[in-house]
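Let's take a friendly walk through a cavity and the strands around it. Have the model open as you read.

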Amino acid sequence: MTKCAFLVPFFGPLPDYFHFWAASCLPNCEMFHWYVYNDHISEKTVVNDAVTLVPYTYDQMISDFEERLNIRIPGHYPRRVCDYRLLFYYLRVDREPLDQFDYIGFTDMDMIYGRLARFMPEDMDEYSMISADDDRPCGPFTLINIDCLGHIKAYEDIQAVMESKEHNSFNESKTLKEIVSVSMPAFCRADPLQPAMTKKINHRHTFATWKNGKVTVYDNFGHGKEGGFYHFSRFKNEDRFKISAKDAAQSSHWVVCKFGITRRDSVWSFFKPVISLFI
């Protein structure tokens, strides 16, 4: 079986929705593992069979970039971490068992995962990159064949990219796709991994349910589509976005909408996400 690891640097307190995120990772543990690098924990922690928390500070990252890659990160620019993570394999390969994986990826935490293996392309080992956006890498979900990672490190402008103070989202650029896919084709498609971004769904008005590992996205036209994940980044910073009790993440059925994340176990929890589509 193809094995995939996501390297997830997250500096700052883990968000309230972390437990839901981690719970959605667990059904994928046979094929996927998530390493979360965080500066608010003191020791390595196995959250579940799919998620490992690793203590790591921003200053440690800066030091590792300079010592291991001769790249000088110019101070604390948290938004730039989305690009720094492209080279995290080289910072951590002798500290986590990363060489046992076939793909190394980057992803976000403001999302929930479905049954990911069902939405991988056939013969996935033939691809340099697998992403959940059309014709480009996807910040919330991109996997890079471990045999192609060296193309990023060898890219002639990689030092300039990493040392820049500007946030240019190199991790989502077509340039990155071209760099990685020199010797192998890339598979970059929103459908079926990211249903909220497909043509069949009105992505501005959606909610998602998670039920026993299955994610289904619904829109205000009554469409429903199962997929690999649901990205709720547009909702997370709003005051109305409330997180249910942490133990609700252990439930078999919950919902994510603009009003937050809650267990799907009452009449209100049934109507709440539907109402969210229209107000």
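## Terms and basis

Two strands pair if DSSP finds at least two bridges between them, and strands themselves (E, at least two residues) are DSSP runs numbered from the N terminus. The model is predicted, with local features needing pLDDT of at least 70 and side-chain atom pairs counting only at pLDDT 80 or more, while totals for chains, interfaces and linings use all residues. Residues are numbered from 1 along each chain as its sequence is written, and side-chain values use heavy atoms, leaving out hydrogens and water.

## Strand β8 and its partners

In β8, T142 is the bridge partner of F106. The pairing of β5 and β8 is antiparallel and runs over five bridges. Strand β7 (residues 129-131) also pairs with β8 in the antiparallel sense, over three bridges, and here I130 stands opposite L143.

Five of the five residues of β8 (residues 141-145) are buried (under 20% relative accessible area). Both faces are covered, with F141, L143 and N145 on one side and T142 and I144 on the other.

## The cavity

A cavity is a set of points on a 1 Å grid over the protein atoms alone where a 1.4 Å probe fits but cannot get out; lining residues have an atom within 4 Å of a point. Volume is the space filled by probe spheres set on the points, which are joined across faces, edges and corners. The count is one cavity of 30 Å³ or more, and the largest cavity has a volume of about 50 Å³.

Its lining consists of R85, L86, Y89, I104, G105, F106, I144 and L149. Strand β5 (residues 103-107) gives the largest share of this lining, three residues.

How values were computed:
1 Å grid on protein atoms, 1.4 Å probe; cavity = no way out; pocket = protein on both sides within 12 Å on 5 of 7 lines; lining within 4 Å. Helix = DSSP H or I, 4+ residues; strand = E, 2+ residues; numbered from the N terminus. Buried < 20%, exposed > 50% of the residue type's maximum accessible area, 1.4 Å probe, protein only.
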